[in-house]
Amino acid sequence: MTNSPFSAAPQASRAAREGELRAASPSPAIEPASQPASGPLIRVEGLGKSYRTARGKLVLFDNLDFEVAPGELVAIVGQSGTGKSTLLHILGALDAPSAGRVYCASIDVATLGPREAAAFRNREIGYVWQFHYLLPEFTAAENVAMPLLARGMRPAEAMQRAAQWLKEVDLEDRGTHRPGELSGGEQQRVALARALVCEPRLLLADEPTGDLDDTTAGRVFELIERLHATHGLTSILVTHNLELAQRCTRTLRLANGRLTAFAGAA
Ligand SMILES: Nc1ncnc2c1ncn2[C@@H]1O[C@H](COP(=O)(O)OP(=O)(O)O)[C@@H](O)[C@H]1O
Ligand SMILES: [Mg+2]
């Protein structure tokens, strides 16, 4: 009982939870009327991020403009500390910009309040990080089902969908394993299933293969490519691996506060 995710699941009825999600959805007033359905999925205008620190103002980037079209698999490369994670956090409504606008799936994410941002993330964004952040006391299937439970889906249905997703990441026989009973590559596969179980349009991946050996990293990247294609995703992947970056449809480099097309090391 204490170890079931369902005891921690929202107790409100599904209808009430869906009503809450609808209420938390952005109002039409903050959806730009000029964003055509066929336009970019992400449009960033004049984006700036700076921090006030004891040693003065730290400007990570200033006046960034870029677009990502639906279906693109974009790699972002750049040295440590240049602001790649911060940029992904801003795109995924986990952090607020200091200036500029970020239209993501037609919504200006910079204008969302905390509840709206949470509903937006649950609906539109799948996020994976370098470390899997799976909950250790729950099974792989329960971890994958978690975002569905958070939306108020009935546990039986959520577990059924989780099982389907474990199959998609080739782990149908690992559903009852806890994260500690899985390899690093398997943990990232489960994290990918959890990121995509709510069928978001956008996958944001922050060094998802950074903690894996080369062979395992290659396999996880292949899985990302496959899921990206079969689920019609738009994906942005931060990586230090130039070989993998160059298999993406486009590579951008973040350096000195500028985001530029990266032609490769050759
Ligand atoms: N809350 C904060 N206050 C001040 N500086 C921060 C804060 N958060 C991040 N930074 C700094 O911003 C820089 C960029 O961080 P990050 O986006 O994680 O870079 P990357 O992912 O490219 O390695 C780092 O130098 C980090 O120390
Ligand atoms: Mg980072």
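This is a predicted model: local features need pLDDT of at least 70, side-chain atom pairs count only at pLDDT 80 or more; totals for chains, interfaces and linings use all residues.
Residues are numbered from 1 along each chain as its sequence is written, and chains are lettered from A and ligands numbered from 1 in the order in which they are written.

Some terms before I go on. Helices (H or I, at least four residues) and strands (E, at least two) are DSSP runs, numbered from the N terminus. Two strands pair if DSSP finds at least two bridges between them. Strands of a sheet pair through backbone hydrogen bonds, either parallel or antiparallel.

Y127 has L204 in β7 as its bridge partner. Axes here are lines fitted to C-alpha atoms, for helices over the stretch in contact, and angles run from 0 to 180 degrees between N-to-C directions.

Now the other sheet. Four strands form an open sheet in the order β2-β1-β4-β5, with antiparallel pairing. The edge strands, β2 (56-68) and β5 (107-108), each pair on one side only. Strand β1 (residues 42-53) is joined to β2 by nine bridges, and the two run antiparallel. R52 stands opposite K57 in β2.

Next, helix against helix. The axes of α7 (residues 184-196) and α8 (residues 214-230) come within 10 Å and cross at roughly 20°. α7 and α8 are therefore roughly parallel to each other (angles under 35 degrees count as such). On the α7 side, the contact includes G184, Q188 and L192, and on the α8 side T216, V220 and L227 are among the residues. Contact means that the C-beta atoms of two residues, placed from the backbone, lie within 7 Å. By class, the residues of this contact are six nonpolar, four polar and two charged. Nonpolar covers Ala, Val, Leu, Ile, Met, Phe, Trp, Tyr, Cys and Pro, charged covers Asp, Glu, Lys and Arg, and the others, Gly among them, are polar.

For α5 (residues 140-150) and α7, the axes come within 7 Å and cross at roughly 25°. That makes α5 roughly parallel to α7. Here A140, N143, V144, M146 and P147 in α5 meet V190, A193 and R194 in α7. These residues divide into six nonpolar, one polar and one charged.

Last, which residues are around ligand 1? They are Y51, T53, L58, L60, G78, S80, G81, T82, G83, K84, S85 and T86, where the cut-off is a C-beta atom, placed from the backbone, within 6 Å. β1, β2 and α3 (84-91) each supply at least two residues of this shell, and the largest share, three residues, comes from α3. The shell has three nonpolar, eight polar and one charged residues.

How values were computed:
Angles under 35 degrees count as roughly parallel, over 145 as roughly antiparallel, 65 to 115 as roughly perpendicular and the rest as oblique.
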